[in-house]
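Me: I would like to go through this model slowly, asking at each step what a term rests on. Could you answer by setting each value against its definition?

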Amino acid sequence: MTGQLFINGRIMTDAGLHAGEVLVRDGRIVAVGRSGEIDAAAPRYDLGGNLLLPGFIDTQVNGGGDALFNADPSVATIARIGAAHRRYGTTGFLPTLISDDLSIVAAALTAMRAAIAAGVPGVLGAHIEGPFLSDERGGIHDTDHFRRLDSDGFDVLTAPGAGRVLVTLAPEMVDTTAIGALVAAGLKLAAGHTNATFDEMQAALSAGVTGITHLFNAMSPMTSRAPGVAGAALLSDAYCGIIVDGKHVHPAVLEVALRSRSHDRFMLVTDAMPCVGGNRVAFDLQGKTIEVRDGACYDASGRLAGSDLDMATAVRNCVDLLELDLSVASRMASGNPAAFLGLGEETGRIAPGLRADFVLLDDGLEVLETWIGGVADDAARD
C-alpha cells in the first residue's frame, strides 16, 4: 500500500515539537522526519502548519454523547462514548463503570470484549471503579454496592478476554494476597475511594497497585502526622490520574504535586459524564439526579459527580492553569497513560512502529481532526 504522508505540520515527538512530516502505512507510523526528509510515493495530507500530537488516552470515562456506561453497559454505549470523546482528541479510552452489582460488572466486561472484537474505534479495555471501596470515601458512588473482594468478585474480574482491565479498589477492602493474585491475572490496579492509612497504602503499592485514581479526591489526605493515601502516592512511582478542571482540585495543589515528583508519573483523566459531547444538562446516575452547571456535575447536595471535562480542555488547562509546557501536557495525555496500561510500544507517541493515533490541534489547542490507526474521524463515519 502507498499509505499517506502527513506534511507541513508541527509534530510532537519524544524530543518535542518540530516542523516535519509523518509517513503512515497500514495504520502504523513508518517514518518521522523534518520537513522534506521523507521521500515516499504516497498521497499527501497537508496539516496546514498546525500541531500534530499523539492522540489522547483517557483511562476514566464514565460517559459521553448523552450515554452512560452504568446505565447501559453495551457495545452501542461504548461506541457512542468513544465517538463523543474522539471529537476532543481522545483516540484511546477505557469505558468506566462505577460501583454496581457484580452482574453489571460482568456485563460491562463482556461488552468491552465484544466492542474490541467488533473493532469499535479507540476502546482499549475497561475501568471497573469499585465496588471494592471504602464507605468513608464513597463520593458519588452508591455505597450499597460496596463489598470486600471475594471469590465471586475475583472470578468476574479475571474472566479471560481481550483488552486492558483497570480496577480501582480501596486497599483496606482487599488484602495484599488478593492484590498480588489480581496482578498475576493480568489486571492493572489503582487505589481510589479509600481511607487507607499510609502504611496500608504502602503495603498495597508493594503488592502490585501501580495507579492512583483521581489524586486528592476521595482519599485520605496528607496531614502533618498522617501522610495518608495522598502522601504515599506522591512518594511512590505509581501513575497518578489527575482531573485538571479547576473544580476537583485547586490548581495550586496540583502544582505542589507536580513539583514533588517526576511528570512522567502523572496522567490526565476526565472522569467524564454523559454531558461531554452531548446535549443533556441533567442525567440520572443510579437514582440520583445529576445537574451540569458552571462546567461541572453535581448531585442535589452539591457533591461533585464525575466531570464535564474533555481531554482537549484538560490539556489546555495544563498549559493555562498550571503553566506546563505543551510537551509535558501532551505526555500526560498520551504517553504516560499508554505506559501505565502497558501499551507504550503500541500507542501514545509519534514514533516509527507505533499505531497512527493522532490529534491535530490549532494554536488555541482546539481539535481539528483525529486519526485512529491512520483512519480519520470523517472516514470512520462514512
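Me: What makes β13 and strand β14 (residues 239-242) a pair, and do they run parallel or antiparallel?

Reply: This is a predicted model, in which local features need pLDDT of at least 70 and side-chain atom pairs count only at pLDDT 80 or more, while totals for chains, interfaces and linings use all residues. Residues are numbered from 1 along each chain as its sequence is written, and side-chain values use heavy atoms, with hydrogens and water left out. Two strands pair if DSSP finds at least two bridges between them; β13 and β14 are joined by two bridges and run parallel, so they count as a pair. Within this pair, G211 stands opposite Y239 in β14.

Me: What makes β6 and β15 edge strands in their sheet?

Reply: The open sheet has eight strands in the order β6-β9-β10-β11-β12-β13-β14-β15, with parallel pairing. β6 and β15 (266-268) each have a single partner strand, so one side of each is left without a neighbour in the sheet. As for the labels, strands are DSSP runs of E with at least two residues and helices are runs of H or I with at least four, numbered from the N terminus.

Me: Which strands stand at the edges of the sheet made of four strands, and why?

Reply: That open sheet has the order β16-β17-β18-β19, and its pairing is antiparallel. β16 (282-285) and β19 (304-307) stand at the edges, because each has a single partner strand and one side is therefore without a neighbour in the sheet. From one strand to the next, the twist averages 30°. β16 pairs with strand β17 (residues 288-293) over four bridges in the antiparallel sense, with F283 standing opposite I290 in β17. At the other end of the order, strand β18 (residues 296-298) is joined to β19 by two bridges, and the two run antiparallel; A296 stands opposite S307 in β19. β18 and β19 form a hairpin with five residues between them, and G302 in the turn has a positive phi of about 85°.

Me: What are the strand partners of β5, and in which sense does β5 run with each of them?

Reply: Strand β1 (residues 4-13) is joined to strand β5 (residues 51-54) by two bridges, and these strands run parallel, with L51 in β5 as the bridge partner of R10.

Me: Why are α4 and α5 called roughly parallel?

Reply: Helix α4 (residues 176-184) and helix α5 (residues 198-207) pack at an angle of about 30°, with their axes 9 Å apart. Angles under 35 degrees count as roughly parallel, and α4 and α5 are therefore roughly parallel to each other. Their crossing is right-handed, the word used if the near helix is turned clockwise from the far one by less than a right angle.

Me: What makes P131 and H214 worth a look in the backbone?

Reply: G130 and P131 are joined by a cis peptide bond with omega of about 15°, and P131 is placed in the loop between β10 (125-129) and α3 (151-157). H214 has a positive phi of about 30° although it is not a glycine, and H214 lies in the loop between β13 and α6 (228-235).

Key. Axes fitted to C-alpha atoms, helices over the stretch in contact; angles between N-to-C directions. Parallel < 35°, antiparallel > 145°, perpendicular 65-115°, else oblique.
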